[in-house]
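Subject: Structure handover

Hello,

Here is the structure I promised to pass on. Please open it beside this email and follow along.

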Amino acid sequence: MTTTTETHGVDPTPSPLALLLLGREADPNSERGVECPGDLPAASDPDLVARARAAKEKLGDRVFILGHHYQRDEVIEFADVTGDSFKLARDAAARPEAEYIVFCGVHFMAESADILTSERQQVVLPDLAAGCSMADMATAEQVAECWDVLTDAGVADVTVPVSYMNSSADIKAFTGKHGGTICTSSNAKRALEWAFEQGQKVLFLPDQHLGRNTAVLEMGFSLEDCVLYNPHKPNGGLTAEQLRNAKMILWRGHCSVHGRFSLDSVDEVRERIPGVNVLVHPECRHEVVVAADQVGSTEYIIKALDAAEPGSKWAIGTELNLVRRLAKAHPDKEVVFLDRTVCFCSTMNRIDLPHLVWALESLAEGRVPNVITVDAETEKYAKAALDRMLALP
């Protein structure tokens, strides 16, 4: 006989993971939370564009809207400036009259803007769930443990941390506290050259591909000079001897968008479009970058298309919103996405028109939502690392 037990009126307690996946809780160990308080307008609201214009007009010079290159067109339409993460943070700092900086990007970008702007300015992120998977791959606790591993191996005192702009404020602060600098995809070589003038090794955070590609393809290092530190393995999965022999200690992190491109993607597009120029971002895998015709930052990609000959063919390995925008801006050229698989930056795409309208209308009504604030000590050391980058020749 089978016995069944029924429970009536019982409300089981969901696990923390279940709540996180449902978007009802925040992960305290993550770079950003997932909460977005307030009632959003419906995406189907036909008045969204008019509402955004009206709220922005009401705010006037009190608001300054930043739009990252990977944002949707519906958001870029309302941006006062567009650019990559560091350019936008600097643009915000150059507008001290703006009380509110609405950053249409992701969390680490808004943190950088808060670090570089004045105390009277408030940085708003329209959706707190707009994070960065790469930035989330390096937590402050993991990096502190890594430094202990380097100390035990006897190499910490000759190691200089270099952190990619695509990192949390905590990681930037760690970098500043340990005498390191920040880099962008445009100046990674200069940052590494500076670091090797200060020490014998570099701990590169959090994107392994940018670090490897820069060291090997631009600075003459070999792949054997690079080791990969995996924060999920004891001692990073490395021996003390490996750490002592390495020049580049690469953090096991990557961009979820650029990491999707493969050598097969390059081979397929060359076969499909004879004479195509393959242009990829340095966050792509090493074998993809080696197989490409050109490699460069987001700004480099935009300038390359602007300067390209009419009739030329281009396969671009970067975020799809930008590739589509470039194709639209250059109808005299054939511009395609490098991979056949659609690949948006999912977290960047959380900033949509309803979220922007909600943020702007809240500000216009005197409520300041989703303020991104970096604490004073973190800001102090993170700014020191950013200032070292700004001082690079």
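Ser265 is found in helix α12 (residues 263-272). Helices here are DSSP runs of H or I with at least four residues, strands are DSSP runs of E with at least two, and both are numbered from the N terminus. Ser265 is buried, with a relative accessible area of 5%. Buried means under 20% relative accessible area, exposed means over 50%, and partly exposed lies in between, with a 1.4 Å probe and protein chains only. Leaving out residues up to four places away in sequence, Ser265 touches Leu338 and Asp339. Contact means heavy atoms within 4.5 Å.

A word on the source: this is a predicted model, in which local features need pLDDT of at least 70 and side-chain atom pairs count only at pLDDT 80 or more, while totals for chains, interfaces and linings use all residues. Residues are numbered from 1 along each chain as its sequence is written, and side-chain values use heavy atoms, with hydrogens and water left out.

The overall picture

The protein chain has 17 helices and 13 strands. Of its 393 residues, 55% are buried. Take the contacts between residues at least 6 apart in sequence: 66% of them join residues at least 24 apart.

Pro310

Pro310 lies in the loop between α14 (298-307) and β12 (313-317). Is Pro310 buried or exposed? Pro310 is exposed, with a relative accessible area of 57%. Pro310 touches Asp332 and Lys333, again not counting residues up to four places away in sequence. Pro310 and Lys333 are 23 residues apart in sequence, yet their C-alpha atoms are 5.5 Å apart in space.

The open sheet

Four strands form an open sheet. Their order is β2-β1-β3-β4, and the pairing is parallel. Two strands pair if DSSP finds at least two bridges between them. β2 (81-83) and β4 (122-124) stand at the edges. Each has a single partner strand, so one side of each is left without a neighbour in the sheet. Neighbouring strands of this sheet are turned by 25° against each other on average, direction ignored. That angle is between axes fitted as lines to C-alpha atoms (for helices, over the stretch in contact), and angles run from 0 to 180 degrees between N-to-C directions. Strand β3 (residues 100-104) pairs with β4 in the parallel sense over three bridges. Val102 has Val124 in β4 as its bridge partner.

Six of the six residues of strand β5 (residues 159-164) are buried, so β5 is largely enclosed by the rest of the structure. Thr159, Pro161 and Ser163 point one way from β5. Val160, Val162 and Tyr164 point the other way.

Which strands does β5 pair with? Five bridges join β5 to strand β7 (residues 201-205), and the two run parallel. Here Val160 stands opposite Val202. Three bridges join β5 to strand β6 (residues 181-183), also in the parallel sense. Here Val162 stands opposite Thr181. With helix α8 (residues 169-177) between them, β5 and β6 make a right-handed β-α-β unit. Right-handed means that, with the strands pointing away from the viewer, the path from the first strand over the helix to the second runs clockwise.

Helix α9

Helix α9 (residues 188-198) has these buried residues: Ala188, Ala191, Leu192, Trp194 and Ala195. Seen down the axis of α9, they fall within an arc of 160°, so they line one face of the helix. The arc is that of the directions from the helix axis to the C-beta atoms. An α-helix has 3.6 residues a turn, so residues three or four places apart point the same way. The buried residues of α9 pack against β5, β6, β7, α10 (208-219), β9 (248-251) and α17 (376-390).

Strands β8 and β9

Strand β8 (residues 226-229) pairs with β9 in the parallel sense over four bridges. Cys226 has Met248 in β9 as its bridge partner. The chain crosses from β8 through helix α11 (residues 240-245) to β9, and this β-α-β crossover is right-handed.

Cysteines

How many disulfides are there in the whole structure? The search finds zero. A disulfide is a pair of cysteine sulfur atoms within 2.5 Å. The sulfur of Cys284 is 8.1 Å from the closest cysteine sulfur, in Cys255, too far for a bond. Cys284 is buried, with a relative accessible area of 0%. Cys183 is buried, with a relative accessible area of 0%.

Best wishes
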